[in-house]
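Thank you for making time this morning.

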Amino acid sequence: MAHFHRPVDVVVGGDVKKLILETRKRDLLEGEEQDRESLLEEPFVRDAWTDTWQEAVDPETGGLRAPVLVVVAPRAIGATTFALRLLAEHTGPSTTLVKLHADWNSPGRTRLPLEERHAFQLDLKDPETDRVSADFLNSLGKHAEHLAGCGSHLVLTVAQELWDAPGLVARHGVQVLRLTESPAAGSVVDAHLEAGGHRELAMEIRASTQAQSQLQGLNAVAAVRAVHRIVAVWEEYRLYQGASALHRNGADQNAAKTFEERVLDALSDWREELDQLFGDRTVAPSRIDRSLALEDRYLLLALAVRQSASVSLVSAGARQLQEAVESAGSDQTAGTATQAAFAARGLRRRIQDVGAAVDGRDMVLFDRPAYGRAVLEYVWDNYEVMRTPLLRWLAKLADQPEPTDPVVRTLGSLALRHGTREHLNKLTELTAPDLLGAVLRAVVSDEHVGRLVWATLYQWADTSSSAPVVVSTCRLVLADSEVSAAVAKMAVVRLRRVAQRTADPAVRQSVLTAFEELSRQPAGRARLVAEVRTWQQAKGSPWSGSLAFLALMSVDRPGLPWLLSGDASEIDVQQALAELLGNPDTASETILRLTGWIRSCAGEADASSYGQLRDRLLVPFRGHRMLQAGMQLMQALTGNVTAQGVNIAEDFYEHLVGADFHEVFALDGAAR
């Protein structure tokens with residue numbers, strides 16, 4: 001993780017040293033440190049990039065020519081890989097490599113971190129938030145001077161359509177490089193297979209002229225996806241070869257295919273086979289009709305999602321999909337549907353006809369995940385009218401809102417298949433917030449669509465109907481103890497926005513719950529402390545700061561509460577309590593948590609903790625217009641005593657209400 005708060009080395013000049021310290025005070029982009037050795041061990045093919053690579057490197061020093069490099073390239077050709085590898089090979093071993101996350105509304109130099117001996121890489125690919133302006137490019141010239149003074153570098157990878165505008169040319173200290181094509185796909189596949197330990201498989205693909213032909217022309221992203229598909233087919237083939245005759249489907253058209261034939265099918269996304277299965281059922285007499293009947297198409301889609309499962313589960317899934325499609329506009333009556341189903345082939349025969357097998361225990365065997373994905377993507381791409389029914393069906397099919405659930409992952413991959421928000425917006429109508437939160441959690445880290453998901457969550461934070469989805473997603477992100485600091489920050493930013501914009505108490509309570517969960521982690525507590533400090537400095541959302549403080553009040557520890565310990569010294573606890581107790585919207589929740597503090601300290605054998613806590617709480621309760629809040633606290637403490645037998649309510653009453661006012665304000669709250 002990179003927080004950019006390391007000590008500045010004394011070799012840095014005084015002005016630059018001061019500049020680094022000033023920069024750290026800003027709201028900076030965050031990122032993740034990259035391990036140089038791991039980057040150098042990753043598969044890498046340079047063939048198409050050799051000339052551009054040489055442009056970037058000073059042949060005399062072996063370092064980079066400019067402090068700032070801008071790599072302009074079409075999407076999906078591997079520009080990020082190029083940039084990170086360039087930094088790994090041509091920066092010093094003491095330089096820290098950091099991949100930044102562009103969580104901003106528009107590019108701005110003030111958001112860029114500055115540290116000594118750091119090499120930052122940043123992708124600019126979102127058309128809504130990353131479009132490069134001449135002003136930003138001009139400011140990079142000044143930033144390049146600062147980076148040079150620190151012995152640091154910045155490499156921006158910019159999608160081609162976000163750059164090509166008049167005036168966007170290199171500046172002093174800023175070198176612009178252009179990538180125009182991907183490395184050869186066959187070489188990329190070979191390198192990844194070798195690196196993944198699939199040497200035998202790599203040799204098979206190299207030896208296949210047809211496979212090499214299929215790979216030709218794929219961009220870098222598609223080539224890496226082809227690797228995953230090849231490996232999946234290899235595993236399916238080995239599984240099929242090792243299966244007993246009972247578990248094989250003799251009617252399966254793929255049974256006799258060689259491994260090479262299966263790979264060729266996979267590299268073409270099984271396009272020829274799927275064109276036949278989903279073709280027109282009216283064919284010439286001389287041709288074999290392989291197209292599936294409508295009910296079998298439902299069955300194949302159910303298998304594509306479920307893979308191997310019980311017959312009843314697969315059958316139920318197919319039936320639910322049929323109902324989802326029919327509810328979208330069919331007038332067919334239940335009676336007609338029943339007669340048509342009964343007139344068709346039996347379920348076991350239908351399962352065999354779509355390429356699966358059924359064992360003696362009524363378990364459907366369909367271990368073909370890569371093929372299953374291809375089936376779903378084929379239907380999604382070729383039948384636009386099926387998209388909403390598919391989403392509705394998958395939403396009902398999900399057993400539980402877990403990001404690891406295959407159905408949840410399928411929902412996410414289909415909804416974001418075309419890289420737009422359209423179907424995400426549709427999912428808000430079809431799914432419960434906790435399910436959609438799990439769907440988005442499953443894809444939010446994806447290097448290709450993750451930025452789109454974060455941007456969508458930021459927009460949804462303003463919308464009352466979508467805010468619960470934002471909270472659900474961010475809670476799942478923050479619950480991961482391994483999540484990077486940069487990703488955690490993006491989640492907190494969106495929770496802050498929900499807290500600021502929502503008028504729904506239930507949604508605000510859910511944000512508080514998310515903050516309470518965050519407070520159980522040391523790194524989470526640090527983020528909440530920062531949130532409170534920003535609020536107390538009048539720079540942040542009062543609601544977010546208030547909720548962060550309330551969440552920190554729930555942190556449990558022996559003795560005095562955590563907020564009154566040295567770990568929270570940055571927070572003015574008395575100021576925060578005065579604000580919360582003086583606000584009718586937060587007073588009750590605050591008093592509830594204060595009573596928990598008091599009871600915890602009062603139960604200890606050592607009376608000093610209770611005495612210290614009481615004395616520190618007396619300060620905010622003696623503030624202006626705090627009498628009502630104080631009376632509510634004392635009423636909540638009625639009947640409670642310390643381990644030493646002191647009546648807590650009476651003790652606070654004696655300290656808070658002067659003797660002259662005892663006749664006016666009784667402990668039971670009644671005015672006299």
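What you see is a predicted model, in which local features need pLDDT of at least 70 and side-chain atom pairs count only at pLDDT 80 or more, while totals for chains, interfaces and linings use all residues. Residues are numbered from 1 along each chain as its sequence is written, and side-chain values use heavy atoms, with hydrogens and water left out.

Let me start with helix H21, residues 450–460, and helix H23, residues 485–501, which pack at an angle of about 20° with their axes 8 Å apart. The two helices are therefore roughly parallel to each other, a term for angles under 35 degrees. The contact, meaning heavy atoms within 4.5 Å, is made on the H21 side by Trp 454, Ala 455, Leu 457 and Tyr 458, and on the H23 side by Val 487, Met 490, Ala 491, Val 493, Arg 494 and Arg 497. These residues divide into 8 nonpolar, no polar and 2 charged, where Ala, Val, Leu, Ile, Met, Phe, Trp, Tyr, Cys and Pro count as nonpolar, Asp, Glu, Lys and Arg as charged, and the others, Gly among them, as polar.

Turning to helix H29, residues 607–621, its buried residues include Tyr 610, Leu 613, Leu 617 and Phe 621, buried being under 20% relative accessible area and exposed over 50%. What covers the buried residues of H29 includes helices H27, H28, H30 and H31.

Finally, Ser 569 lies in the loop between H26 and H27, and is exposed, with a relative accessible area of 60%. Its C-alpha atom is separated by 9.4 Å from that of Val 529, 40 residues apart along the chain.

Technical notes
Axes are lines fitted to C-alpha atoms, for helices over the stretch in contact, and angles run from 0 to 180 degrees between N-to-C directions. Helices (H or I, at least four residues) and strands (E, at least two) are DSSP runs, numbered from the N terminus. Angles under 35 degrees count as roughly parallel, over 145 as roughly antiparallel, 65 to 115 as roughly perpendicular and the rest as oblique. Buried means under 20% relative accessible area, exposed over 50%, partly exposed in between (1.4 Å probe, protein chains only).
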